Amino acid sequence: MSKKALVTGITGQDGSYLTELLLSKGYEVHGLIRRASTFNTGRIDHIYTDPHMPGTRLFLHNGDLSDSGQLVNLVYNIRPDEIYHLGAQSHVRVSFDMPEYTGDITALGTTRLLEAIRRSGIKSRFYQASSSEMFGAAPPPQDENTAFCPRSPYAAAKVYAYWMVVNYREGYKMFACNGVLFNHESPRRGETFVTRKITRAIANILKGKQRKLYLGNINAKRDWGFAPEYVEMMWLMLQQDEPDDYAVGTGESRSVKDFLEKVFNYVGIEIEWRGEGIDRKGIVRSLSSALNPALKVGDVIIEIDPRYFRPTEVDFLQADISKARQKLGWAPRTTFDELVKIMVDYDMKLIGLDPVGEGIKICEKKGFSYTNHDFSLYEKIRERC
Ligand code: NAP
Ligand code: GDD
């Protein structure tokens with residue numbers, strides 16, 4: 001009998017990679033998708049097959065984290081061995097505009113799912129997508145023992161969900177784990193998170209479709225890793241003898257400005273910075289390749305737009321992953337430089353440019369055997385629909 005998993009957030013970045021990983025391990029995977037008037041399954045269309053086909057192991061179910069009735073129904077009827085709870089309003093900046101909705105989905109959505117397990121009496125193992133954002137203003141490096149100091153409605157919602165998981169573990173003896181994951185990115189990253197916004201912008205600029213990139217706080221520092229590796233950790237946590245909480249990151253931290261410079265350097269553009277604060281501008285100092293005939297030295301291509309500032313910011317996240325290393329034998333395999341190259345290559349490919357190519361080679365070499373590495377595939381499928 002193959003194991004069954006229920007995945008919330010299956011249409012997101014992590015949900016799509018995790019589903020590929022679970023299918024490669026022989027699981028039957030059930031995913032919660034929410035009704036939308038446009039297609040929202042682009043990241044999983046390439047692995048979806050008609051449920052009438054023999055051998056189908058991926059099943060999608062309508063539902064929403066605001067609807068406890070359907071959550072109970074799904075848990076009771078699917079009887080999953082493992083539940084990966086990745087669904088959330090996951091955008092920090094948006095959570096300031098929609099604090100109540102964020103609390104409802106990101107915080108209470110977790111409680112609804114935990115209650116669905118408890119009330120249905122099913123012995124599912126539970127993974128909660130906790131976040132390094134919960135550390136907020138706590139100084140780096142942060143680990144499992146660092147006190148939370150949330151700096152956004154999103155982070156406060158995740159802290160609530162974190163403690164509900166701990167309480168259900170202790171109070172009801174549930175096998176429930178918090179993976180406290182630091183930022184992880186990929187070519188499937190949502191387009192409004194800063195890394196993807198930058199790698200999409202460079203592809204657009206090279207194609208001549210965009211002239212400038214507007215950003216917020218470029219001094220913020222994050223511990224950025226490669227998402228396909230992080231979903232392996234989610235699975236690993238649920239395979240242990242005892243449930244526990246783990247911090248997962250690379251142990252290294254870079255600023256948004258570092259990320260920007262690496263991206264531009266990779267395609268042969270050197271940036272010079274002028275001005276301070278909101279007057280800071282990124283100007284083309286030199287162009288070493290023929291990649292972009294539309295650009296010239298002296299062009300202003302990066303500007304600051306206060307619209308992207310957050311009322312309260314998280315300045316510095318950097319993981320201490322000693323526990324994950326020691327107890328789970330896990331270590332990240334993709335460096336910051338490699339991550340940049342992978343993301344730029346796939347965004348160039350997506351827009352119809354010849355990628356520089358180092359990132360695609362790195363990605364193939366890393367051997368994430370459960371995915372086909374052609375992260376742009378889902379966009380192509382979407383275009384055909
Ligand atoms: P993502 O790409 O934004 O995906 C979020 C998923 O949640 C999507 O499938 C989305 O569905 C679903 N969702 C949103 N609202 C929902 C609702 N009301 N009911 C049901 N589903 C809903 O996020 P991600 O980057 O994959 O992250 C996965 C999880 O890990 C999230 O909980 C996030 O907060 C957490 N996390 C992420 C990181 C990171 O760096 N990526 C780090 C730490 C923790 P639609 O596709 O329909 O929008
Ligand atoms: N999104 C965005 N857009 N962020 C910008 C911009 C911009 O134009 N300019 C600067 N930033 C800065 C943000 O202020 C923040 O300090 C940093 O870039 C990273 O922002 P995001 O990529 O939006 O990610 P995040 O760190 O706020 O949140 C992500 O990581 C968390 C884990 O620490 C999300 O994936 C969360 O769901 C996740 O929990």
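At what angle do the axes of helix H6 and helix H10 cross?

## Two helix pairs

The axes of helix H6 (residues 194-207) and helix H10 (residues 336-350) cross at roughly 45° and come within 9 Å. Helices here are DSSP runs (H or I, at least four residues) numbered from the N terminus, and axes are lines fitted to C-alpha atoms over the stretch in contact, with angles from 0 to 180 degrees between N-to-C directions.

Helix H2 (residues 68-78) and helix H4 (residues 99-120) pack at about 45°, with axes 9 Å apart. The crossing of H2 and H4 is right-handed.

## About the model

This is a predicted model, where local features need pLDDT of at least 70 and side-chain atom pairs count only at pLDDT 80 or more, while totals for chains, interfaces and linings use all residues. Residues are numbered from 1 along each chain as written, chains are lettered from A and ligands numbered from 1 in written order, and side-chain values use heavy atoms, without hydrogens and water.

## Around ligand 2

Let's turn to the ligand. Ligand 2 is surrounded by 23 residues (a heavy atom within 4 Å), and the closest are Ser 131, Ser 132, Tyr 154, Arg 310 and Glu 313. A polar side-chain atom of Glu 313 is 2.6 Å from an oxygen atom of ligand 2, and a polar backbone atom of Val 194 lies 2.8 Å from an oxygen atom of the ligand.

Technical notes:
Polar contact = N/O pair within 3.5 Å; in protein donor to acceptor, adjacent residues only side chain to side chain. Left-handed = near helix turned anticlockwise from the far one by under 90°.
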